[in-house]
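Subject: Handover of a structure

Dear colleague,

Please find below the structure that I am handing over to you.

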Amino acid sequence: MATLDDLRRTTVGLPGSEERATTGGAAWFVRGKLYAWECHPWPSVPADIREIVAAELVVGVKVADPLDALALIQMAPNVFLRTTTPWGEPKVAFRMAGIDDGHLAELVTEAWRVQAPKYLRGELDNGS
């Protein structure tokens, strides 16, 4: 089971990544663009999903394409939630209890890539 500390270990290695506290919990940005966040049971979240978010740790990440989110949801519907809030698409939310450290690192790094400018992606790829 992955934790926020596991997520933080990944984000520390991503160039330009910054963690901020928000009203909904912890959130991670690159150059002012949100790429990962701790989900909160906002009233706009469908009731069944809101119950899950209120009861356990759920994290959202940006994805490159809505089809990427759909593929993840279809691959593991007990881990990836069909929706949270209507804003910020494309994105996907997942139950941290169902994610291993390796998959978490992959999801967070790909979310960072979606939002990071080209020069920062180059820094990561070149190990600078």
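**Overall architecture**

The protein chain has a secondary structure of 5 helices and 6 strands, where helices (H or I, at least four residues) and strands (E, at least two) are DSSP runs numbered from the N terminus. Their order along the sequence is α-β-β-β-α-β-α-β-β-α-α. The chain is as compact as a globular protein of its length, because its radius of gyration is 14 Å, close to the 14 Å that the globule rule gives for 128 residues. That radius is taken over C-alpha atoms, and the rule is 2.2 Å times the number of residues to the power 0.38.

Please note that this is a predicted model, in which local features need pLDDT of at least 70 and side-chain atom pairs count only at pLDDT 80 or more, while totals for chains, interfaces and linings use all residues. Residues are numbered from 1 along each chain as its sequence is written, and side-chain values use heavy atoms, with hydrogens and water left out.

Along its principal axes, the C-alpha trace spans about 45 × 30 × 25 Å. Of the 128 residues, 42% count as buried; buried means under 20% relative accessible area, exposed over 50%, and partly exposed in between (1.4 Å probe, protein chains only). The accessible surface comes to about 6,700 Å², and 54% of it belongs to carbon and sulfur atoms. Such areas come from the Shrake-Rupley method with a 1.4 Å probe, and for residues only the protein chains shown count as cover.

Contact means heavy atoms within 4.5 Å. Among contacts between residues at least 6 apart in sequence, 55% join residues at least 24 apart. As to charge, the mean positions of the 13 positive and 17 negative charges are 7 Å apart. Lys and Arg count as positive and Asp and Glu as negative, with His and the chain ends not counted; the place of a charge is NZ of Lys, CZ of Arg, CG of Asp or CD of Glu.

**Helices α1 and α4**

Helix α1 covers residues 4-12 and includes D6; T10 lies in helix α1 as well. Helix α4 covers residues 101-115 and holds T109. V114 is also placed in helix α4.

T10 is buried, with a relative accessible area of 15%. Leaving aside neighbours within four places in sequence, T10 is in contact with A105, V108 and T109. T10 and E106 are 96 residues apart in sequence, yet their C-alpha atoms are 9.0 Å apart in space.

T109 is buried too, at 19% relative accessible area. A polar atom of the T109 side chain lies 2.7 Å from the backbone oxygen of A105.

D6 has a relative accessible area of 11% and is buried. Beyond its neighbours within four places in sequence, D6 is in contact with M1, D101 and L104. The side chain of D6 also makes a polar contact with the side chain of R9 (2.2 Å). A polar contact is a pair of N or O atoms within 3.5 Å; within protein, one must be able to donate a hydrogen and the other to accept it, and residues adjacent in sequence count only if both atoms are side-chain atoms.

V114 is partly exposed, with a relative accessible area of 33%. Its contacts, leaving aside neighbours within four places in sequence, are with K62, V63 and A64. The C-alpha atoms of V114 and L104, 10 residues apart along the chain, are separated by 15 Å.

**Two loop residues**

I99 is placed in the loop between β6 (91-95) and α4. At 3% relative accessibility, I99 counts as buried. Not counting residues up to four places away in sequence, I99 touches M1, A2, V79, F80, F94, L104 and L107. Between the C-alpha atoms of I99 and M1, 98 residues apart along the chain, the separation is 5.9 Å.

R31 lies in the loop between β2 (25-30) and β3 (33-38). R31 counts as exposed, at 60% relative accessibility. Most residues other than glycine have a negative phi. Phi of R31, however, is near 50°, a positive value in a residue other than glycine.

Yours sincerely
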